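Please read the points below alongside the sequence and the model. They are set out as a colleague's note, in numbered paragraphs.

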Amino acid sequence: MSMDATGRIAAIGEARLVRGYGLAGAAVTTAEDETAATTAWRQLDARVTVVIVTPSAARAVAAAGGPGGRLLAVLPDPDGAA
(Lines give C-alpha, C1' and ligand atoms only; values in the text may rest on other atoms or scores of the structure.)
Protein backbone atom coordinates (compact mmCIF):
# COMPACT_ATOMS: atom_id res chain seq x y z
CA MET A 1 0.00 0.00 0.00
CA SER A 2 1.35 3.41 -0.90
CA MET A 3 0.38 6.74 0.60
CA ASP A 4 1.64 10.10 -0.62
CA ALA A 5 0.78 11.99 2.57
CA THR A 6 3.51 13.62 4.60
CA GLY A 7 3.11 11.08 7.40
CA ARG A 8 1.82 7.57 7.52
CA ILE A 9 -0.22 5.67 10.06
CA ALA A 10 0.54 2.14 11.17
CA ALA A 11 -1.13 -0.32 13.51
CA ILE A 12 0.67 -3.08 15.41
CA GLY A 13 -0.85 -5.78 17.58
CA GLU A 14 -3.06 -8.82 17.74
CA ALA A 15 -4.86 -9.42 14.44
CA ARG A 16 -8.35 -9.39 15.96
CA LEU A 17 -7.72 -5.88 17.31
CA VAL A 18 -5.83 -4.14 14.50
CA ARG A 19 -6.78 -5.66 11.16
CA GLY A 20 -9.72 -3.27 10.65
CA TYR A 21 -7.39 -0.26 10.64
CA GLY A 22 -6.18 -1.40 7.23
CA LEU A 23 -9.59 -0.43 5.86
CA ALA A 24 -8.82 3.15 6.85
CA GLY A 25 -5.44 3.08 5.11
CA ALA A 26 -3.16 2.22 8.01
CA ALA A 27 -0.23 -0.09 7.39
CA VAL A 28 -1.16 -3.05 9.60
CA THR A 29 1.34 -5.50 11.06
CA THR A 30 -0.09 -8.27 13.16
CA ALA A 31 1.93 -9.27 16.19
CA GLU A 32 0.54 -11.95 18.46
CA ASP A 33 3.24 -11.52 21.13
CA GLU A 34 5.61 -8.87 22.41
CA THR A 35 8.59 -10.25 20.50
CA ALA A 36 6.71 -9.92 17.21
CA ALA A 37 5.55 -6.42 18.20
CA THR A 38 9.13 -5.35 18.93
CA THR A 39 10.23 -6.66 15.54
CA ALA A 40 7.35 -4.86 13.81
CA TRP A 41 8.19 -1.63 15.65
CA ARG A 42 11.83 -1.76 14.61
CA GLN A 43 10.85 -2.37 10.98
CA LEU A 44 8.45 0.57 10.66
CA ASP A 45 8.99 2.80 7.67
CA ALA A 46 10.68 6.06 8.64
CA ARG A 47 7.68 7.98 7.22
CA VAL A 48 5.32 6.48 9.83
CA THR A 49 4.43 9.23 12.29
CA VAL A 50 1.42 7.76 14.10
CA VAL A 51 1.25 4.20 15.42
CA ILE A 52 -1.86 2.56 16.85
CA VAL A 53 -0.91 -0.27 19.18
CA THR A 54 -2.60 -2.83 21.40
CA PRO A 55 -1.70 -2.87 25.10
CA SER A 56 0.75 -5.75 24.65
CA ALA A 57 2.40 -4.00 21.70
CA ALA A 58 2.64 -0.82 23.79
CA ARG A 59 4.59 -2.75 26.44
CA ALA A 60 6.94 -4.01 23.73
CA VAL A 61 7.47 -0.48 22.38
CA ALA A 62 8.24 0.79 25.89
CA ALA A 63 10.76 -2.02 26.41
CA ALA A 64 12.35 -1.16 23.05
CA GLY A 65 13.00 2.42 24.16
CA GLY A 66 9.70 4.19 23.69
CA PRO A 67 8.02 5.85 20.74
CA GLY A 68 10.75 8.36 19.94
CA GLY A 69 9.30 11.07 17.71
CA ARG A 70 6.18 9.12 16.79
CA LEU A 71 2.72 9.61 18.23
CA LEU A 72 1.69 6.38 19.94
CA ALA A 73 -2.04 5.68 20.39
CA VAL A 74 -2.71 2.76 22.73
CA LEU A 75 -5.99 0.94 22.27
CA PRO A 76 -8.00 0.15 25.39
CA ASP A 77 -7.55 -3.33 26.81
CA PRO A 78 -10.23 -5.49 25.18
CA ASP A 79 -10.71 -7.45 28.40
CA GLY A 80 -11.11 -4.32 30.52
CA ALA A 81 -7.95 -4.97 32.54
CA ALA A 82 -5.75 -2.06 33.54
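1. Leaving aside its neighbours within four places in sequence, which residues is Ser56 in contact with? Contact here means heavy atoms within 4.5 Å, and on that criterion, with those neighbours left aside, the partners of Ser56 are Glu14 and Glu34. Ser56 is found in helix H3, and its side chain makes a polar contact with the side chain of Glu14 at 2.5 Å. A polar contact is a pair of N or O atoms within 3.5 Å, where within protein one must be able to donate a hydrogen and the other to accept it, and residues adjacent in sequence count only if both atoms are side-chain atoms. Ser56 counts as buried because its relative accessibility is 13%, buried meaning under 20% relative accessible area, exposed over 50% and partly exposed in between, with a 1.4 Å probe and protein chains only.

2. On the basis of the note: this is a predicted model, in which local features need pLDDT of at least 70 and side-chain atom pairs count only at pLDDT 80 or more, whereas totals for chains, interfaces and linings use all residues. Residues are numbered from 1 along each chain as its sequence is written, and side-chain values use heavy atoms, with hydrogens and water left out.

3. On the overall arrangement: the protein chain has three helices and four strands, and from the N terminus on its elements follow the order β-α-β-α-β-α-β. Helices (H or I, at least four residues) and strands (E, at least two) are DSSP runs, numbered from the N terminus. Of the 82 residues of the protein chain, 35% count as buried, and among contacts with a separation of 6 or more, residues 24 or more positions apart account for 44%. The accessible surface comes to about 4,800 Å², and 54% of that belongs to carbon and sulfur atoms; the areas come from the Shrake-Rupley method with a 1.4 Å probe, and for residues only the protein chains shown count as cover.

4. On strand pairing, for which DSSP must find at least two bridges between two strands: strand E1 (residues 8–13) pairs with strand E3 (residues 48–53) in the parallel sense over five bridges, and within this pairing Ala10 has Val51 of E3 as its bridge partner. E3 also pairs in the parallel sense with strand E4 (residues 71–74), over four bridges, with Val50 bridged to Leu71 of E4 and Ile52 standing opposite Ala73 in E4. From E3 the chain crosses to E4 through helix H3 (residues 55–63), and this β-α-β crossover is right-handed, a term that applies if, with the strands pointing away from the viewer, the path from the first strand over the helix to the second runs clockwise.

5. On Arg8: this residue lies in strand E1 and counts as buried, because its relative accessibility is 9%. Arg8 and Val50 are 42 residues apart in sequence, yet their C-alpha atoms are 6.6 Å apart in space.

6. On the nonpolar core, a set of buried Ala, Val, Leu, Ile, Met, Phe, Trp, Tyr and Cys residues joined through side-chain atoms within 4.5 Å: the largest one has 14 residues, of which Ile12, Ala37, Trp41, Leu44, Val51 and Val53 touch the most other members. E1, helix H2 (34–42), E3 and H3 each supply at least two residues of this core, and the largest share, four residues, comes from H3.

7. On Ala37: this residue lies in helix H2 and is buried, with a relative accessible area of 2%. Leaving aside neighbours within four places in sequence, Ala37 is in contact with Ile12, Ala31, Ala57 and Ala60. Ala37 and Ala64 are 27 residues apart in sequence and 9.9 Å apart in space, C-alpha to C-alpha.

8. Thr54 lies in the loop between E3 and H3 and counts as buried because its relative accessibility is 0%. With neighbours within four places in sequence left aside, Thr54 is in contact with Ile12, Gly13, Glu14, Leu17, Val18, Val74 and Leu75. H3 is followed by Gly65, whose phi is positive, near 115°.
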